[in-house]
Amino acid sequence: STVRGRAEMAVAETQLYAKVANKHRSKSPSVLLESLLAKGFPAHIAQKALAATGQKTIEEAAKWLHSHCNDPSLDDPIPQEYALYLCPTGCFYNRLQEFWKESKRQCGKNRAHEIFPHITLCDFFTCEDQKVELLYDILRQIVNNFSQKFPQTISLSLHSSTSYLGFFISDSHANILKEIAVAFSSEASALADCHVKPCLKQLHLTLAHKFCPHHQKTLEQLAKCINPGETCQWVAALYSRDMRFVHYQTLRALFQYKPQNIDELMMNAGDFIYVDPTQQSDVSEGWVIGTSHRTGCRGFLPENYTERANESDTWVKHREYAFIPGSKFVTQSANEPNVKLNGEVHNPVTSRSVTNILSLQLSQNATLRRGVLVMRHGERVDQVFGKSWLQQCLTADGKYYRADLNFPPTLPKRKDSMKHFEQDPPLSCCGIFQSRLIGEALLDQEVAVSYVYSSPALRCVQTAHLVLQGLKLDQKVKIRVEPGLFEWTKWEANKAIPNFMTLTELTEASYKIDTSYRSNIPLSSLVPSESYEDYVSRSSAAIKQIVTACPNKGVILIVGHGSSLASFTRPLIGLPAKDSSDFAQVVRKIPSLGMCFCEELKEGNKWQMVNPPVKTLTHGANAAFNWRNGIVED
């Protein structure tokens, strides 16, 4: 009787959720429109605000109108694009979310991560703002009509290829879903003048798409942890997006930014910014030009104030209606997660979860795998003070003094001229702080560094030394200076290989150098202005020789340059080199202490790229200040 009682309660809860989800909880759109018109907003602008916010409340529409008061496109008759999705909720949705999280952590982001789990019924189409209300009525009626016919459990089978992983819907159930799509398409065309294409090909729920082929096996193993028969309440959901930014990248602001110039964009933390990758070629390094989703305004913004967001983060959910199958519901267990209207899941079931299984695997294998952490050096002094930085801090008799607190306190001694520091600059004081901070963060994450390799550039040796200090390993692990890790020589300003400090000089300057190490690629073999092909070949050879020379388990730390992140990791995980123009674009966006992390797979000699063990350090600029200007003098 207890089991029967729980089953009845579970059924009742599911039916209650469906009824609540299908019920309008806000004022009807026509009433909302009347309220905005009464406030004095023109009809076309009021309708645009309602369509952009999902026609939910007066408050949301009014807030949108206030934010877009300076939007140059406010009067443009550009409609939203709409799509009809069948979305899972409940326990099955929870399993899919665990897969989303673990697949991203282990294999990096792929195209499937851009959008939430769904089955596409009708792909994106346009609808005039004043007719969107009709789509809600059409969808609600169709869901009601098909609820008796809707399958109790949708039959899903896992399908895998080198670039796609997902569930295919069985023909019998797919035919019902296609009928729903065709019915919506027909009604939307007749009543709302929309040209809607129903999806009539193989219906599917994508798990991963456009991933690296060598990740296929890992993704398949994760997917097999998902039971497609898990209890699920399916809802038909109508989403919209701004059609102008379909092929743009979406960024999320991490911090507030207040414009310093008239052509810069005001950002609040959490704002979404649309950026066209094809329009960034003439933009200053470290900046991008984008359009704010919140305000509609366009301008320049500092790129390191943002992170990549998902494509669907800016989409608006308009309405969702739950299907109530005609037959009895599948019995739900007492510890089934509670489902909110927006599909979020609370009290998730932890048994046989992807997260638990993978956490156990990782704890068992933590001491059995090698890792390679490739890191760019910290902030270099000429990055702040320009190429003539040395002239700013030399006295008339050639002695070094600290002209600004961001200059290093001292310079290491070298036998030849101090002028060579111009081509082989040290870290700034902020770079020293950054590097030690990253080492401390690695220590907090218990990253076991077994080997350290560095480019011969002074800034790289200093970074490696300071990271080891932060890790409290500076007395245990010595730095192997490897000339093969130096950056693409074509980028050297004076078209010559810099005069680096010798190993003896570095040792005398208290850097912990492994003087017994014999480099794989001698310094004398570096060629000025080498071709991109030669640089790629050198980098590939260097990383492979390093990995071969470090058989012990643990992390191999490689401190190099911005170019190192792509040129060392791609050959390691089996990817070809990027095109030289694409390579340059990628490198210029890599910040100080930017890093990539590769992990060896169980089978050995195969590597995959995963999230680095720590976050990068983001901070704003701090310009020079003269108290006389503006304070005393007018």
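Modeller: On a 1 Å grid over the protein atoms alone, a cavity is a set of points where a 1.4 Å probe fits but cannot get out. This is a predicted model: local features need pLDDT of at least 70, side-chain atom pairs count only at pLDDT 80 or more, and totals for chains, interfaces and linings use all residues. Residues are numbered from 1 along each chain as its sequence is written, and side-chain values use heavy atoms, leaving out hydrogens and water.

Colleague: How much space lies in the largest cavity?

Modeller: The structure holds one cavity of 30 Å³ or more. Its volume (the space filled by probe spheres set on the points) is about 30 Å³.

Colleague: Which strands each supply at least two residues of the second largest pocket's lining?

Modeller: This pocket (an open set with protein on both sides within 12 Å along at least five of seven lines) holds about 940 Å³. Its lining has 36 residues, with Tyr 85, Arg 111, Ile 115, His 118 and Glu 311 nearest the centre. The strands (DSSP E runs of at least two residues) are β2 (119-127), β5 (204-209), β6 (233-242) and β7 (249-253).

Colleague: How many nonpolar residues are in that lining of the second largest pocket?

Modeller: Nine of its residues are polar and nine charged. The nonpolar residues number 18.

Colleague: How are α12 and α13 oriented to each other?

Modeller: The axes of α12 (residues 429-444) and α13 (residues 458-471) come within 7 Å and cross at roughly 40°. Under 35 degrees is roughly parallel, over 145 roughly antiparallel, 65 to 115 roughly perpendicular, and the rest oblique. The pair is therefore oblique.

Colleague: What is the class make-up of the contact of α12 with α13?

Modeller: Contact means heavy atoms within 4.5 Å. On α12, the residues include Ile 432, Ser 435 and Arg 436; on α13, they include Thr 463, Leu 466 and Val 467. By class, the contact has six nonpolar, five polar and two charged residues.

Colleague: Is the crossing of α6 and α7 left-handed or right-handed?

Modeller: The axes of α6 (residues 132-146) and α7 (residues 171-192) come within 10 Å and cross at roughly 145°. Leu 134, Ile 138 and Phe 146 are among the α6 residues that meet α7, where Ile 176, Ala 183 and Leu 191 are among the partners. The contact has 13 nonpolar, no polar and two charged residues. The crossing is right-handed.

How values were computed: Axes are lines fitted to C-alpha atoms, for helices over the stretch in contact, and angles run from 0 to 180 degrees between N-to-C directions. Helices (H or I, at least four residues) and strands (E, at least two) are DSSP runs, numbered from the N terminus. Ala, Val, Leu, Ile, Met, Phe, Trp, Tyr, Cys and Pro count as nonpolar, Asp, Glu, Lys and Arg as charged, and the others, Gly among them, as polar. On a 1 Å grid over the protein atoms alone, a cavity is a set of points where a 1.4 Å probe fits but cannot get out, and a pocket is an open set with protein on both sides within 12 Å along at least five of seven lines; lining residues have an atom within 4 Å of a point. A crossing is left-handed if the near helix is turned anticlockwise from the far one by less than a right angle, and right-handed if clockwise.
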